[in-house]
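Dear colleague,

I am passing on the structure we spoke about, and I would be glad if you looked through it alongside the notes that follow.

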Amino acid sequence: MLKIENLHARVEGKEILKGLSLSVNAGEVHAIMGPNGAGKSTLGNVLSGRDGYEVTEGTVSYNGMDLLTMAPEARAATGVFMAFQYPVEIPGVNNTYFLRAALNAQRKTRGEKALDSMQFLKLVREKLKVMQISDELLHRAVNEGFSGGEKKRNEIFQMAVLEPKLAILDETDSGLDIDALKQVAQGVNTLRSPERAFLMITHYQRLLDYVVPDFVHVLADGRIVESGDKSLALKLEEQGYAGLAERHPAGAVA
Amino acid sequence: MSQPASQPLVDSLLDAPLPRSGIAWLDDARQQNLKAFATSGLPDARVEAWKYTALRALAQRRFSAVDVAAPQVAVDAASMALLGVDGPRLVFVNGVFRAELSELAGLPEGLTLQPLSQALAGDAEPLRFSLSRHYREPGDAFARINAASARDGVVLRVAANAKIARPVHLVFVAAAAEVDLAWHARNVIEVGNGAELNLVEQHLGSGEPVHLATLVSDIELHEGARLQHTVLQNAATSTNLFRRSSLHLQARAEATLHVFELGGALVRHDLRVELVGDGAHLHTRGVFMPHGRQHIDTQLAIRHQALNTTSDSTWRGVANDRARGVFRGAIVVAPGADGSDANLSNKNLLLSPGAEIDTKPELEIYADEVKAAHGATVGQLDERSLFYLRSRGIPLAEARAVLTAAFCRAVLGDLPNEALREHLSTLLVEQLPST
């Protein structure tokens, strides 16, 4: 589904990704772990199409398409979703209105019929039940005045409604207490399916206690330096990223 | 330098015969104001209040003051329909009262509503204070020519303690004419002690020709009176519209204004509010959205003159294409107006590189224990918000429209008439660059 090859990317002239390669198939859950500054968030931003990230080398192919040439909205319409680390507050834009506009814009791009407000409301009610989110959140402006946990749950709720094929979760666990973390994890687990892939970018392994990944990759200095199954995450937890530096000194090829 | 001799606009207006009322004080006031207009001509950029609004191009045009067709020209009544506004209605076409488009039957008790032309034919004395005024400031050209030339307008009175719930609808239409046309309207509005009034003022038009229109409104709120005033300025883009609204609030009076400046070519609104009675309260919300080559200038001046008076103003500007917006928010807390609380915010959005908005906050405080907050910004749409919407699949143009509408909606939120609020919200969205 997603094939990243030798990806190099710069931010403000500084090279952050230095030859990252990764393959993700439908149905798989991949965790990307790594120390601060390794390039984890840059990877998420490059995949979602944010401005200011310059790809200097390498390719990203998504279901056979060249993802890097597509506008952010086109990526969304083909099923790429990014759960942001810091979701923005948008005063004056109602959460429900926003979500319906997003879903219908995606459907229009895909040549599907728009959902009317009744159909949309029905869909939202179903998803609310699964996500255990109070519908009071829906009547508020997008993320405005939401707590940290509410913002992250709202991201997962949006994902549930938009039903992407590839979901990228950027530090979705950061800043959450254990109850909120469990709720978010449960939401993600509910959405796991053979057609959907997840890329979970995280600093800590605690999210992985609740969303068990099929693969764990270690990102350091702009590259994947080690890959394995969930036991790799536990090893990292024990040894820390410092142990990693010993195994993979800067400049060495993974 | 003012050079009346070189201003065809001034010459053409001076050529027009003054209306004659047969009322000595009124004819005298008209003469005096005309003389002042002839002497000073139009203000130029050296007059501070006209610094950002140049009249050079307009000054080169000639306007006819005579429109014999105005009483008959066809106007589509549907064009003035507003949701949630179904009360009494007064309609003026090119400055001329049109009874057949108006709705004056069955006025609620306590409401007096008639065209100025009729009021002057009866007992004109109650209008003397308003209509015999002289305008002395260097920038008063349009108020002067209005005082000299207005033949018609609205005379509205609400008796003490009367509550007029259904909105009174005042409509000013710029309609087709044979020539470029100048017309003037004068409103005198008075809300009695403890009375309540809901007012909707609407400006619309249908393209050609070029109009020069002036509207001067004097609004007096007596003790404890309450006014809800909504203004929808959606004039044709060939109309040059100069308005002055002067509000005078006595003790504990409350005025709530919502102003939507959408249409017009060159538009200027002088909104002057004097809080003269203890505990008077003013609440203003406004949005101006010039696009194309429009120029929309709002001059809000609030004077706190009594104890514990409060004002709260939130204005938004959105300029697109090569349009220009101007906003001046001037608050004066006069000596003795202790305990006053004044709040003013003006945020502006530029949607294109050729657009411009000049905003100028001014605050002068001469009293004690005053709370005052004041802020103005000019910026672009937030890139992070735009990206967030796009990352969810909303195309760039639509994302911009959604965020711009949200920016403007801040001025709509507290409009109590829900149907009207929805109607205006839709109009705002339609005004935005197409998605």
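A residue is called buried here if 20 or more other C-beta atoms lie within 10 Å of its own, exposed if there are 12 or fewer, and partly exposed in between. With 19 C-beta neighbours inside 10 Å, A:Leu138 therefore counts as partly exposed. This residue sits in the loop between H4 and strand E8 (141-142) of chain A, and, leaving aside its neighbours within four places in sequence, A:Leu138 is in contact with A:Asn95, A:Thr96 and A:Val124. A:Asn154 lies 16 residues from A:Leu138 in sequence, with 9.2 Å between their C-alpha atoms.

Please bear in mind that this is a predicted model. It scores ipTM 0.95 and pTM 0.87, and for chain B the mean pLDDT is 93, with 98% of the residues reaching 70 or more.

Helix H4 of chain A deserves a description of its own. At 1.5 Å a residue, the 15 residues of this helix (residues 117-131) should span 21 Å, and the end C-alpha atoms, 20 Å apart, agree with that. Within H4(A), the residues A:Val124, A:Lys127 and A:Met131 are buried; they cover an arc of only 70° around the axis, which puts them on the same side of the helix. The buried residues of H4(A) pack against helix H3 (95-109), helix H5 (148-162) and helix H6 (178-191) of chain A, whereas the face turned away from the buried side carries exposed residues, among them A:Lys122, A:Arg125 and A:Glu126. Just after H4(A), A:Gln132 takes a positive phi of about 55°.

Turning to the nonpolar cores, the largest has 135 residues, and those with the most contacts inside it include B:Phe92, B:Val173, B:Leu197 and B:Leu227. Not counting residues up to four places away in sequence, B:Leu197 touches B:Val158, B:Ile164, B:Val168, B:Val191 and B:Leu227. A second, separate core of 58 residues includes A:Leu43, A:Leu47, A:Leu67 and A:Ala185.

As for how the two chains meet, 17 residues of chain B are in contact with 18 residues of chain A. On the side of chain B that touches chain A, the elements giving two or more residues are helix H7 (383-391) and helix H8 (396-409) of chain B, and by class that side has 9 nonpolar, 3 polar and 5 charged residues.

With best wishes

Notes: Residues numbered from 1 in each chain as written. Chains lettered and ligands numbered in written order. Predicted model: local features only at pLDDT ≥ 70, side-chain atom pairs only at ≥ 80, totals over all residues. Contact = placed C-beta atoms within 7 Å. Helix = DSSP H or I, 4+ residues; strand = E, 2+ residues; numbered from the N terminus. Nonpolar A, V, L, I, M, F, W, Y, C, P; charged D, E, K, R; others polar. pLDDT = per-residue confidence, 0-100. Expected span 1.5 Å × (residues − 1). Arc of directions from axis to C-beta. Core = buried A, V, L, I, M, F, W, Y, C linked by C-beta atoms within 7 Å.
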